[in-house]
Amino acid sequence: MMSEDDDGAVKRPGINFLADGRAKVALWAPYASKAALVLPDEKLTLALEKKEKGYWELVTDQIKPNDKYKFKLDGTKELPDPASKAQPDGVHGASQAIDVNNFVWSDQSWTNPAIANYLIYELHTGTFTPQGTFASIESKLAYLKELGITAIEIMPVAQFPGNRNWGYDGVYPYAVQNSYGGAKELMKLVDACHKNGLAVILDVVYNHIGPEGNYFGNFGPYFTDKYHTPWGQAINFDDAWCDEVRNYFVQNVLMWFRDFHIDGLRLDAVHAIKDFSPKHILQEIKEAVDGLMAKTGRTHRLIIEFDLNDNRFINPIDEHGYGMDAQWIDEFHHALRVAAGEPKTGYYGDFNGIAHLAKSYRDAYVYDGIYSPQRLKTFGTKTNNPGQQFVVFSQNHDHVGNRMLGERSSTLYSFEMQKLMAAAVMVSPYLPLLFMGEEWGEQNPFLYFVSHSDEKLINAVRKGRQEEFKEFHANGEAADAQAEDTFNRSKLNWESLERGHHKTMLHYYRALIALRKKLPALYTLNRQQLAVKFNEQEQTLHLHRWQGGQHVHCFMNFSKQPQYFTTPDKDLKMVLDSSSAKFRVDEPAQPYQASVIQPESVIIYVN
């Protein structure tokens with residue numbers, strides 16, 4: 001249940017500026033005997049008044065936008081605000097008051113596209129451009145629109161230690177990373193995206209708080225010992241005092257949508273959110289977002305990363321679900337990679353390649369109530385949810401960056417196989433996602449990087465990375481996550497875009513995306529109007545999709561030999577052959593022959 005102020009308004013933590021210019025301060029610190037707001041530059045200390053449910057509050061005209069401040073608890077500890085909107089001096093420094101109402105938006109006519117029309121491009125702000133800022137992303141928006149992208153997905157921007165991090169070690173969920181440009185620059189980027197016809201999805205982390213600069217425990221029971229996650233204590237969503245912890249995260253969701261005009265959130269690893277309340281926190285978030293949309297008329301989406309194959313999370317609330325709009329589906333990725341030749345180590349060990357890829361096309365979940373050798377149990381549920389509720393990909397930040405050497409598909413697979421994998425994603429009845437640079441075959445790795453200041457923590461990260469790769473039996477040595485060179489090596493090489501095979505790959509991706517957006521049988525995400533056949537011995541797959549009177553047939557050859565196939569209709573027209581001369585950097589293996597599909601290639605026909 002969300003907390004409410006005396007006037008009935010929902011409690012917003014932190015410092016929020018009112019229409020009359022005064023600041024409203026709300027701090028949740030239920031164990032404190034007294035609390036004050038300290039303005040170091042003004043040499044001013046303002047006492048906070050104790051309220052119900054552990055809140056301390058103040059309405060004052062003595063704090064202005066951009067003022068730095070800390071909270072003092074029990075007359076001794078001076079700490080940054082857990083709901084800080086800016087940390088200009090890093091995670092250990094003072095917080096900064098930000099008036100999110102001051103930005104002048106120009107996106108009044110913007111309409112969030114139907115989710116079925118999302119074609120998502122995942123990017124990391126720090127490595128997407130040489131500058132690594134929100135402002136520099138703006139210079140690439142025209143390129144993304146020309147590519148055919150309709151939504152960008154930005155990896156987490158919550159303030160993290162130092163200037164280098166994937167973002168999942170953020171410790172201030174309300175604060176926008178200072179080295180990227182901070183809150184106002186993010187607003188400018190969102191406004192520019194909308195002007196260019198691009199939706200913005202922001203990756204957020206509600207399953208844990210990073211270790212360095214994490215002062216939450218000093219304020220109250222934000223964590224619980226009832227459960228543990230891969231990152232330590234679980235966030236307190238269902239133990240004593242959990243109401244205000246839940247409110248903290250619900251209000252964070254609403255802030256991104258209301259104040260930053262974000263179109264969608266991607267909630268990281270929600271399977272690691274531990275909540276056995278009668279109303280799950282995800283359902284509470286969904287209900288709050290529905291309330292905001294009813295008030296503003298804008299549309300916002302909630303997309304989850306989730307590996308439990310339980311469609312309750314994406315079913316509507318009125319069908320006893322949690323109401324999430326869509327989920328990432330790693331199983332499609334794993335099956336595709338094994339079909340492409342990925343060794344069956346680690347989490348790939350559960351997948352047999354071509355047969356499981358066919359099952360994912362047909363059933364979304366591969367493990368939908370069948371036994372999992374990796375999990376050592378029967379796993380998953382069957383799902384009839386529409387295709388627009390599943391996001392698929394051939395690579396993303398996780399499955400590139402969590403390889404020991406951070407190799408992209410461009411260094412793991414042949415040029416031809418990369419094109420086949422891209423097509424396998426694009427012809428699916430699901431939402432396609434590209435990882436930055438894949439469209440031109442970027443060859444720089446995407447490595448794991450951090451910039452902590454605590455030596456014990458740095459050593460723990462190094463040791464943890466070594467342990468992580470044992471199951472994959474990988475050769476070589478993991479890059480030092482703390483080294484600045486590891487971060488610099490992970491930046492995209494935009495200079496390669498118009499050279500050699502990179503230019504050819506980009507040409508192919510543009511053609512593939514344009515084809516998906518042109519053919520109703522591909523862009524209509526109807527999982528019922530689909531048939532799939534495969535031959536494990538030949539390593540071929542035939543995907544048939546239709547809409548109205550239009551039929552599309554996709555023939556895929558994952559083997560290293562030419563294979564024969566038969567079209568079901570002699571009047572079909574070939575609209576794409578990945579092995580054709582215009583999509584190659586060398587001569588085709590042999591002249592084109594009807595009914596022969598070249599090694600590691602795809603042919604698409606339409607009636």
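Accessible areas were computed by the Shrake-Rupley method with a 1.4 Å probe, and for residues only the protein chains shown count as cover. On this basis the accessible surface of the protein comes to about 23600 Å², of which carbon and sulfur atoms hold 49%. The structure is a predicted model, in which local features need pLDDT of at least 70 and side-chain atom pairs count only at pLDDT 80 or more, whereas totals for chains, interfaces and linings use all residues. Residues are numbered from 1 along each chain as its sequence is written, and side-chain values use heavy atoms, with hydrogens and water left out.

The C-alpha trace spans about 80 × 50 × 50 Å along its principal axes. The radius of gyration, taken over C-alpha atoms and compared with a globule rule of 2.2 Å times the number of residues to the power 0.38, is 25 Å, which agrees with the value near 25 Å for a compact globule of 607 residues. Helices (H or I, at least four residues) and strands (E, at least two) are DSSP runs numbered from the N terminus, and the protein contains 16 helices and 30 strands. Buried residues (under 20% relative accessible area, with exposed over 50% and partly exposed in between, 1.4 Å probe, protein chains only) make up 61% of the 607 residues. Where contact means heavy atoms within 4.5 Å, residues 24 or more positions apart account for 71% of the contacts with a separation of 6 or more.

A nonpolar core is defined as a set of buried Ala, Val, Leu, Ile, Met, Phe, Trp, Tyr and Cys residues joined through side-chain atoms within 4.5 Å. The largest such core has 172 residues, and Trp256, Leu265 and Met556 are those with the most contacts inside it. Helix α6 (residues 242-260) supplies the largest share of this core, ten residues. A second, separate core of 15 residues includes Tyr118, Ala199, Ile303 and Ala326. Leucine 265, apart from its neighbours within four places in sequence, is in contact with residues including Val253, Trp256, Phe257 and Ile303.

Tyrosine 118 lies in the loop between β9 (95-96) and β10 (120-123), and counts as buried because its relative accessibility is 2%. Its side chain makes a polar contact (a pair of N or O atoms within 3.5 Å; within protein, one must be able to donate a hydrogen and the other to accept it, and residues adjacent in sequence count only if both atoms are side-chain atoms) with the side chain of asparagine 112 at 2.7 Å. Beyond residues up to four places away in sequence, tyrosine 118 touches, among others, Ala199, Arg301, Leu431 and Pro432.

Leu431 and Pro432 also belong to strand β23 (residues 431-435), of which five of five residues are buried; Leu431, Leu433 and Phe435 point one way from the strand, and Pro432 and Leu434 the other way. Two strands are taken to pair if DSSP finds at least two bridges between them. β23 pairs in the parallel sense with β10 over three bridges, with glutamate 122 opposite phenylalanine 435, and also in the parallel sense with strand β22 (residues 390-392) over two bridges, where leucine 431 is the bridge partner of valine 391.

Elsewhere, four strands form an open antiparallel sheet in the order β1-β2-β6-β5, with β1 (14-17) and β5 (49-50) as the edge strands. Helix α8 (residues 330-339) is mostly covered, with ten of its ten residues buried, and is followed by glycine 341, whose phi is positive, near 115°.
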